[in-house]
Protein chains: 2
Amino acid sequence: MNAPTPAAHLAPVVTARPVPQAFLDALKARFGANCSTALVVREQHGRDESAFAPVPPPSAVIFAECTQDVADAVKLASDYKVPVIPFGVGSSLEGHLLAVQGGISIDLTRMNKVLAINAEDLTVTVQPGVTRKQLNEEIKSTGLFFPIDPGADATIGGMSATRASGTNAVRYGTMRENVLALEVVTASGEIIRTGTRARKSSAGYDLTRLFVGSEGTLGVMTEVTVKLYPLPEAISAAICSFPSIEAAVQTVIQVIQLGVPIARVELIDHNTVRMVNAYAKLGLREEPMLLMEFHGSPAGVKEQAETVQELASDHGGNAFEWATTPEERTRLWTARHNAYFAALQSRPGCRAISTDTCVPISKLADCLLDSVTETEASGLPYFLVGHVGDGNFHFGYLIDPEIPSEREVAEDLNYKLVSRALRLGGTCTGEHGIGLHKIDFLVTEAGVGAVNMMRTLKQALDPHNIMNPGKIFH
Amino acid sequence: MNAPTPAAHLAPVVTARPVPQAFLDALKARFGANCSTALVVREQHGRDESAFAPVPPPSAVIFAECTQDVADAVKLASDYKVPVIPFGVGSSLEGHLLAVQGGISIDLTRMNKVLAINAEDLTVTVQPGVTRKQLNEEIKSTGLFFPIDPGADATIGGMSATRASGTNAVRYGTMRENVLALEVVTASGEIIRTGTRARKSSAGYDLTRLFVGSEGTLGVMTEVTVKLYPLPEAISAAICSFPSIEAAVQTVIQVIQLGVPIARVELIDHNTVRMVNAYAKLGLREEPMLLMEFHGSPAGVKEQAETVQELASDHGGNAFEWATTPEERTRLWTARHNAYFAALQSRPGCRAISTDTCVPISKLADCLLDSVTETEASGLPYFLVGHVGDGNFHFGYLIDPEIPSEREVAEDLNYKLVSRALRLGGTCTGEHGIGLHKIDFLVTEAGVGAVNMMRTLKQALDPHNIMNPGKIFH
């Protein structure tokens, strides 16, 4: 394996390219008050939720209000060969928004209109700054919903850019499966469309899926058409405690292998349950726990639930607690939703370094258990949650940012975890993306040939390397 | 709209490039008896199931037995800048296999091994020459199945190359959603891998989906990893007749909008039922008909079936006939499986020109009904079948190949149909691909900007334009 050294991940390499004053003047002339060079605004747009040390912020922030704004900004950036970083709500976890090569940020949050709800076709077209919660609020009256839920109230543009997924992906897929069509501003400032509203197509190269997951490195998405789903007639949620992580994971493996159409199945380890109890006084059993949700007809949901309960019992699962009303479900899911904040609060002043490996489900127990042992041995506090139905899970290593050795321990644990996941046929990132943090892992995972092909595509579509440069590859 | 004239589709343009004798000698030296220049072999590899007039066949056929064979053949072709056309079973419908720029064919049917069944993970890795029926036969003992069924017993490589789908796609998706990972020989003869066996990933550009649907124009797939599904505990099939196509289609729209997880829902128009009756003495009511299949638990299947029966009754659906045993199901599906042959037999000596539009489901009735009226008015015999749950349907215009004016009428009908589908937000091809036949339609559908981006990608990955040149774009 062409493995990187853990040290490669410790700090982003900053190689800022020149941002000519004439370019900034041209932006000011075109965008007026929608072009900000105020330090506080630039700083806010030069960071994300990753634990990277700060780097100098972008030189300007453009608040785009329409596709033409984006096209004009990118065209100017292209003329002056200045980097462009698209910005949603800043919830990225992998350093995607850091201006490591300088340049400007294009804030898309004002492009937040739902453009066309096609309820009959189960599709909706939105501007990229619409957040997933806003979208669900605006389509509420249609009886449909948009299931992809990465936790954060991210924008649809940002979720498309990182190929996001989250808790519902085991049933409804990821952004890969749910984006039907895009409008994109290319690196030269041209506006193109990819895909149609038809549910399938064999019409040429799949440009839609080339942009989904491209992390802003190939263009800026200015419209996104996604699939919607009928709100289930019945929803039922349950939590169940297990004597061990292995017992919980084996239950999940059987659920998936039997084809039970479970909508959500999340793992929380005993350690994280303890943190959540301390944070929210939930009084949960401090054992590994699965949180599950079932969608369907009342009879279908009942049947799924019975099947799963039986499988769980076979593996020592107990203390099943059920919830069918929205209020009860919210209470059960509190544990999952609070895990991140509960963990941060368990060690005041800490930052979380989040891992994102995903493995074939038969390897999930192996991968998880060895990594838990390793993490326990390190002495570093951590939390562990997982979208285990997909084989995806996140350790959060809780480091004191003032103690460099802790960061090194965390990066070393992550390195070992990723190496293990790749050996088991998995990926270094199930849903967060490569960003700055996993550039070397990508080479190990995909191989030099595939990464060179990605570079070739990047070079062909963005010859001046202005679109979010320094992300995905050096 | 940048619409092509119907005349553009009548005959492929042949612009054969030189195939140096030194190249053929080098192939012979490397491949011996696995390199054939026999006319009959070459002719067999220079055509497909499309209705195009024959063009001169490839200059040689390589029977590849392993990935290295493919890599060596492509490397030689790259050195001599000779076109390469990958070949499966030849069931393509859009002229993909015609050697319009000369070159060689690489026959992949000897690469027909199932390499790794990972039943626990619901994945299987196969060589590209494995056919879908062979695959299902070889995995039978696992309790899993591969659902994608384009009708023909196509190879998994060919199905990946055209982004195929078929009757089960409404429930299980298309090749786009079901290919997890690939091994590919690039245009320079390099071997790369894309994707992993993990069910989701955000690791860099989605090279897998760039190759899926690329119609052999970017490289040759030498291994394909696809998703499998648990065989449903219960399967139930039904046919139901309707007073009109519109009534049938409105039923389907409601089924989809309610989220009923129907596994198959196929439309056959009254005209085609008549042909099938004549061919197979089925005695079916000569009215528009839906063929449906439900997968799930016994109770779930029953519930789905009841819901659909109720919706169908609301639209005048009657003469429901149910089948739950494999034998009964086979009998019901005979009508669908025989439609193509029954249609060909209804006019001895005819050829079928098949259309492949796909529209958002709310536009399905509009698109279908106007096109039926138009086709009836033309006087040309036709059949009509559709994967209507996806908004995809096929007219087959039954032309006498000896009467050029009939071909012109058929192309004119197709032109009007595609134009209508594009106006309604659809695509010119749901599952057959662009090939030679829809090159101009692709420009109308995707726009000059998007097609230019596809060309840029092609140029970047295949600078000598040796991979199946002349397909997707001129």
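Tutor: Helices and strands here are DSSP runs, at least four residues of H or I for a helix and at least two of E for a strand, and they are numbered from the N terminus. Please keep in mind that this is a predicted model.

Student: With those names, where is A:Glu215 found?

Tutor: A:Glu215 lies in the chain A loop that runs between α8 (207-211) and β10 (219-227). Its phi is positive, about 55°, although the residue is not a glycine.

Student: Is A:Glu215 buried or exposed?

Tutor: A:Glu215 is buried: 24 other C-beta atoms are found within 10 Å, and the cut-off for a buried residue is 20 or more.

Student: What about A:Lys281, what is its phi?

Tutor: Phi of A:Lys281 is near 50°, again a positive value in a residue other than glycine. A:Lys281 sits in the loop of chain A between α10 (270-280) and β14 (289-296).

Student: And why does A:Lys281 count as exposed?

Tutor: A:Lys281 counts as exposed because it has 8 C-beta neighbours inside 10 Å, and 12 or fewer is the limit for that class.

Student: Let me step back to the whole chain. How many helices and strands does chain A have?

Tutor: Chain A has 15 helices and 18 strands. Its radius of gyration is 22 Å, close to the 23 Å from the globule rule for 474 residues, so chain A is as compact as a globular protein of that length. The C-alpha trace spans about 70 × 55 × 40 Å along the principal axes of chain A.

Student: What share of chain A is buried?

Tutor: Of its 474 residues, 60% count as buried. As for contacts in chain A with a separation of 6 or more, 73% come from residues 24 or more positions apart.

Student: Which domains is chain A divided into?

Tutor: The division gives domain 1 (6-109) and domain 2 (234-423). Their C-alpha centres in chain A lie 35 Å apart.

Student: Now a strand: which side chains lie on each face of β16 in chain A?

Tutor: In β16 (residues 351-354) of chain A, A:Arg351 and A:Ile353 are on one side and A:Ala352 and A:Ser354 on the other. These four residues are all buried, and both faces of the strand are covered. Strand β18 (residues 392-399) of chain A is joined to β16(A) by 4 bridges, and the two run antiparallel. Within that pair, A:Ala352 stands opposite A:Leu398.

Student: What does A:Val301 touch?

Tutor: Leaving aside residues up to four places away in sequence, A:Val301 touches A:Ala234, A:Ser236, A:Phe294 and A:Gly296. A:Val301 belongs to helix α11 (residues 298-314) of chain A and is buried, with 20 other C-beta atoms within 10 Å. A:Pro261 is 40 residues from A:Val301 in sequence, with 9.4 Å between their C-alpha atoms.

Student: Last topic, the dimer contact. How many residues does each chain bring to it?

Tutor: The contact takes 74 residues from chain B and 74 residues from chain A. Among the elements of chain B that each supply at least two residues to the side touching chain A are β9 (191-194), α11 (298-314) and α15 (439-461). The most comes from α15(B), with 12 residues. By class, that side of chain B has 29 nonpolar, 29 polar and 16 charged residues.

Student: What rotation superposes chain B on chain A?

Tutor: A rotation of 180° with 0.0 Å of shift along its axis does so, with an RMSD of 0.0 Å. That is the relation of a two-fold axis. Of the interface residues of chain B, 100% are also interface residues in chain A, so the copies meet through the same surface.

Terms used
Residues numbered from 1 in each chain as written. Chains lettered and ligands numbered in written order. Predicted model: local features only at pLDDT ≥ 70, side-chain atom pairs only at ≥ 80, totals over all residues. Contact = placed C-beta atoms within 7 Å. Nonpolar A, V, L, I, M, F, W, Y, C, P; charged D, E, K, R; others polar. Rg over C-alpha atoms; globule rule 2.2 N^0.38 Å. Least-squares fit on C-alpha atoms with pLDDT ≥ 70 in both. Domains from an automatic or database assignment. Pairing = 2+ DSSP bridges.
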